[in-house]
Amino acid sequence: MFLTDRKLERRITELQQYRYRDIRNMEAFAVKEDHAGVVNSPLPTVFEGWDELKICNMWKGRDKFLWPHKDIEIPAEWKGKKIVGVFDYGNTGAGNNSGFESMLYVDGEMYQGVDANHKEVFFDAALCGEKVSLTFRLWSGLEGGGVPTVQEHKIARADLAWLDEFHPIQHELRKALDSACHCIDWAYPGSEEFYESVHQADDLLNEKIDAMNKDSLVNVRCVGHTHIDVAWLWRLKHTREKCSRSFSTVLRLWSSTRNTFSYRHSRSYTNI
């Protein structure tokens with residue numbers, strides 16, 4: 001049983017990287033350091049003469065802010081797809097505040113927080129065929145207490161893709177998941193045959209779940225939340241920045257679920 005659990009965890013991890021289809025690497029950003037470092041600093045409007053920071057390059061500092069900027073175009077042929085940006089700006093350590101923190105602005109408007117725990121950004125499918133301006137306010141972080149240390153991060157990833165997702169079912173039923181994994185053709189990962197076998201596995205998994213007894217007395221209700229440490233291992237200004245990022249993210253998730261407004265009409269929370 002233990003080995004089966006480990007095997008399935010490994011297979012799920014391997015599958016995760018194939019969720020992103022037709023990946024477009026952003027290659028590099030125009031960057032400029034924000035030396036003032038004030039809370040919710042005004043968004044720059046002119047990007048000429050900035051330095052270049054390529055993907056896989058390093059950036060470092062202690063309690064430093066950086067503006068990475070990139071204009072992208074979402075392919076018109078992705079219409080009807082679930083469009084996602086994947087951004088990984090690195091960790092210095094394994095915990096505390098040694099991971100990156102950033103606020104993403106889309107076309108000049110606050111969009112959501114992007115950090116080590118929120119690396120995916122979903123874009124409105126109506127933007128297919130349009131150019132979109134992405135600007136991040138990236139914070140280097142602190143050392144999480146103790147001796148002051150320069151945080152050095154690797155710009156690991158900045159990709160645009162569409163999400164291959166066919167009614168995903170979350171469950172903990174080992175036998176059904178194990179049977180589904182046996183359907184997957186691992187001979188040529190990433191091929192059309194591979195994706196077809198993944199869809200077959202998904203169909204089998206749904207069939208098995210549909211056939212299960214639904215008379216359980218257990219009811220699960222989920223409530224989303226965000227955790228804010230007002231006086232943690234950072235200064236008050238960092239708490240205000242974190243609140244801005246966190247509230248922006250939860251509003252983005254809410255709007256995606258409720259589908260009641262788009263980012264072009266979302267409110268900017270600049271006075272937190």
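The following conversation covers salt bridges, cysteines, a cavity and some backbone details of a predicted model.

Me: Starting with charge pairs, how many salt bridges does the count come to?

Reply: The count comes to 16 salt bridges in this predicted model.

Me: What does Lys7 pair with?

Reply: Lys7 forms a salt bridge with Asp178, with an N to O distance of 2.8 Å.

Me: Which residue does Arg157 meet in a salt bridge?

Reply: The partner of Arg157 is Asp159, and the N to O distance is 2.6 Å. Arg157 is partly exposed at 25% relative accessibility, while Asp159 is buried at 8%.

Me: What about Glu241: which residue is its partner, and how far apart are the closest N and O atoms?

Reply: Glu241 forms a salt bridge with Arg245, and their closest N and O atoms are 3.9 Å apart. A pair counts as a salt bridge when the nitrogen is within 4 Å of the oxygen, so this one qualifies.

Me: Where do they sit in the helix?

Reply: Glu241 and Arg245 lie four residues apart in helix α4 (residues 236-258), so about one helical turn separates them. Both residues are buried.

Me: Which residues are linked with them in a network?

Reply: A network of salt bridges links Asp34, Glu101, Asp115, Arg137, Glu241, Lys242 and Arg245.

Me: Changing topic: how many disulfides does a search of the whole structure find?

Reply: The search finds zero disulfides. In general terms, a disulfide is a covalent bond between the sulfur atoms of two cysteines.

Me: How accessible are Cys56 and Cys243, then?

Reply: Cys56 is partly exposed, with 46% relative accessibility. Cys243 is buried, with 12%.

Me: Where is Cys56, and what is its phi?

Reply: Cys56 is in the loop between β3 and β4 (58-61). Its phi is near 85°, which is a positive value in a residue other than glycine. For context, most residues other than glycine have a negative phi.

Me: Which other residue has a positive phi, near 50°?

Reply: Asn40 has a phi near 50°, and Asn40 is likewise a residue other than glycine. Asn40 lies in the loop between β2 (28-34) and β3 (51-54) and is buried, with a relative accessible area of 11%.

Me: What lines the largest cavity?

Reply: The lining consists of Asn40, Met103, Tyr105, Met110, Arg137, Glu241, Ser244 and Arg245. Asn40, discussed above for its positive phi, is therefore one of the lining residues, and a residue lines the cavity if it has an atom within 4 Å of a cavity point. Arg137, Glu241 and Arg245 belong to the salt-bridge network and also line the cavity.

Me: Which element gives the most to that lining?

Reply: Helix α4 gives the most, with three residues. Both β7 (101-106) and α4 supply at least two residues each.

Me: In what sense do β4 and β11 pair?

Reply: They pair in the antiparallel sense, over four bridges. Within that region, Gly61 has Gln151 of β11 as its bridge partner.

Me: Last one: where is Glu48, and is it buried or exposed?

Reply: Glu48 is placed in the loop between β2 and β3. At 65% relative accessibility, Glu48 is exposed.

Technical notes: Residues numbered from 1 in each chain as written. Predicted model: local features only at pLDDT ≥ 70, side-chain atom pairs only at ≥ 80, totals over all residues. Heavy atoms only, no water. Salt bridge = Lys/Arg side-chain N within 4 Å of Asp/Glu carboxyl O. Buried < 20%, exposed > 50% of the residue type's maximum accessible area, 1.4 Å probe, protein only. Disulfide = S-S within 2.5 Å. 1 Å grid on protein atoms, 1.4 Å probe; cavity = no way out; pocket = protein on both sides within 12 Å on 5 of 7 lines; lining within 4 Å. Pairing = 2+ DSSP bridges.
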